Amino acid sequence: MDAKQLLLQALDADKEAQIRMLQEFVRAPSPNPPGSTAAASAVLTSYLESQGIPYQALTPQADCPNIVSDFQGGRGEGPRVVLNGHIDVFPVGDAHGWSRDPWSGDIEDGKIHGRGVVDMKSGTASLLIAYASLYHRREMLRGSVAFCAVSDEETGGKWGTRWLLEQDGRRWGGDVMLSAEPGGRSSIRFAEKGTLRLTCTVQTKGAHGAFTNISKGAVRTSAYFIKEVVEEIESMPVNMPAALLEQLEKHEVQTVANEIMGAGTHAILGRPTVNIGTIRGGLKVNMIPEICVSELDIRLPAGLTREPVLERMRAIISKYQETKIDLAVHEAHSNPSSFSPPDHPMVGLLAENAALVAPESDRPRPVPIPSIGATDCKHYRYRGIPAYVYGCSPNTMAQADECVLISDFLHVTKVHAAATWDFLQS
């Protein structure tokens, strides 16, 4: 039996301990906001200590440590692989709709339950376990491996991945980055849309609700304006890079995207989309409101930047001459699109190992597809570092009764360990 087979065999033999660690991780709440990840971070550091692996806790924000570790292989110089996951998760609110404690870590029907287990405590735990397995076999590897578990992904990465890369881009950036964000076992994510988030404030003359001859009001005007924005922005031309466009036109890419992210996903992968997240306006039902505030979440595919979109919106605003309409960009949550080569060697290794470690009855070769959501991969891609996602199913992500298949968790762990092993052999 060769060294790689022994690595996979050891991971199989240790799976009960891996499941217990993930349970502990889920049971340590880390909702962001408010953002404290101290308890959940302690689960990761405890695991590293139990494995005899050195680490650092880098804490630019109180109670929000970034847990990092790295090692040099024993076979000389070579590429550097960074395994990056996040500790923070979506908040729970009042737990409406949950049938159990959101932080239970319960196991039922082959699944682990709890807020953030899909996005992305399962993935972060997989990367940590994969990192430990490689660390113990570091003398057989060329190059180096780094592990980064960050505390600020859900709110943009200012104090997480972006901060790490600003502090030491070579050490925490490397030559290729792997993420285990939820993407589904049949896909490898190599690209993602950009975001443009805006607050739109409409101000008009107010009046008694019966006097619509005096003013249409801010809410009605906002509705007209929003309708125009959606129609105009979602039909804007996109000058997509040829390599990305070629990938999007493949039948298998469209099929997998629809299977994982819902029917019709293929139609919006290469198009801008507009979501109206909130609308607030009016004081009383029989009053014409003076102010209406809405928040827009615009997703931008590669080939479309924010400026043409903002120009188009300003042109629409110019038509409302009797109305004051202001736009404010949420800079912290507005980022360009990003993509990495879909034919990078790491993509092939992820696909090969996904098939290798899957049961014989279920061995689909994952397909490189874009994401329509955002991840910390963007921070690497902005620096020219290829970044790829292979993770568990996104089903139940951010929903009540969030849960992940234990088989997905164990599978993703082995794929990342094996792909990184192969990458650092040649």
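Guide: The model is predicted: local features need pLDDT of at least 70 and side-chain atom pairs count only at pLDDT 80 or more, while totals for chains, interfaces and linings use all residues. Residues are numbered from 1 along each chain as its sequence is written, and side-chain values use heavy atoms, with hydrogens and water left out.

Gln23 is found in helix H2; helices (H or I, at least four residues) and strands (E, at least two) are DSSP runs, numbered from the N terminus. Setting aside residues up to four places away in sequence, Gln23 touches Gly105, Ile107 and Ile112, where contact means heavy atoms within 4.5 Å.

The loop between H2 (15–27) and H3 contains Pro34. The peptide bond leading from Pro33 to Pro34 is cis, with omega near 10°. In general, most peptide bonds are trans, and most residues other than glycine have a negative phi.

H3 itself has 13 residues and reaches 18 Å from its first C-alpha to its last, close to the 18 Å expected at 1.5 Å a residue; the expected span is 1.5 Å times one less than the number of residues. Which residues of H3 are buried? They are Ala40, Ser41, Val43, Leu44, Thr45, Tyr47 and Leu48. The cover over the buried residues of H3 includes H2, strand S2 (66–72), H4 and strand S6 (144–150). After H3 comes Gly52, with a positive phi near 70°.

Two packed helices are described by the angle between their axes and the distance between the axes. For H3 (residues 38–50) and H4 (residues 117–135), the axes come within 11 Å and cross at roughly 20°. Axes here are lines fitted to C-alpha atoms, for helices over the stretch in contact, and angles run from 0 to 180 degrees between N-to-C directions. H3 and H4 are therefore roughly parallel to each other (under 35 degrees is roughly parallel, over 145 roughly antiparallel, 65 to 115 roughly perpendicular, and the rest oblique).

On the H3 side, Ala40, Leu44, Tyr47 and Leu48 meet Lys121, Thr124, Leu128, Ile129 and Ala132 of H4. The residues of this contact of H3 with H4 divide into seven nonpolar, one polar and one charged (Ala, Val, Leu, Ile, Met, Phe, Trp, Tyr, Cys and Pro count as nonpolar, Asp, Glu, Lys and Arg as charged, and the others, Gly among them, as polar). H4 also holds Met120, and the peptide bond from Asp119 to Met120 is cis, with omega near -10°.

H12 (residues 345–357) and H14 pack at an angle of about 135°, with their axes 8 Å apart. H12 and H14 are therefore oblique to each other, and H12 passes H14 in a right-handed crossing. From H12, the contact involves Pro345, Met346, Leu349, Leu350, Asn353, Ala354 and Val357, and from H14, His411, Lys414, Val415, His416, Ala418, Ala419, Asp422 and Phe423. The residues of the contact of H12 with H14 divide into ten nonpolar, three polar and two charged.

H14 (residues 406–423) has 18 residues and reaches 26 Å from first C-alpha to last, close to the 26 Å expected at 1.5 Å a residue. H14 is mostly covered, with 16 of its 18 residues buried.

Thr396 is not a glycine, yet its phi is positive, about 75°; at 18% relative accessibility Thr396 counts as buried. Ala398 is placed in the loop between S17 and S18, and its phi is near 65°, a positive value in a residue other than glycine. With 38% relative accessibility, Ala398 counts as partly exposed.

Notes: Buried < 20%, exposed > 50% of the residue type's maximum accessible area, 1.4 Å probe, protein only. Left-handed = near helix turned anticlockwise from the far one by under 90°.
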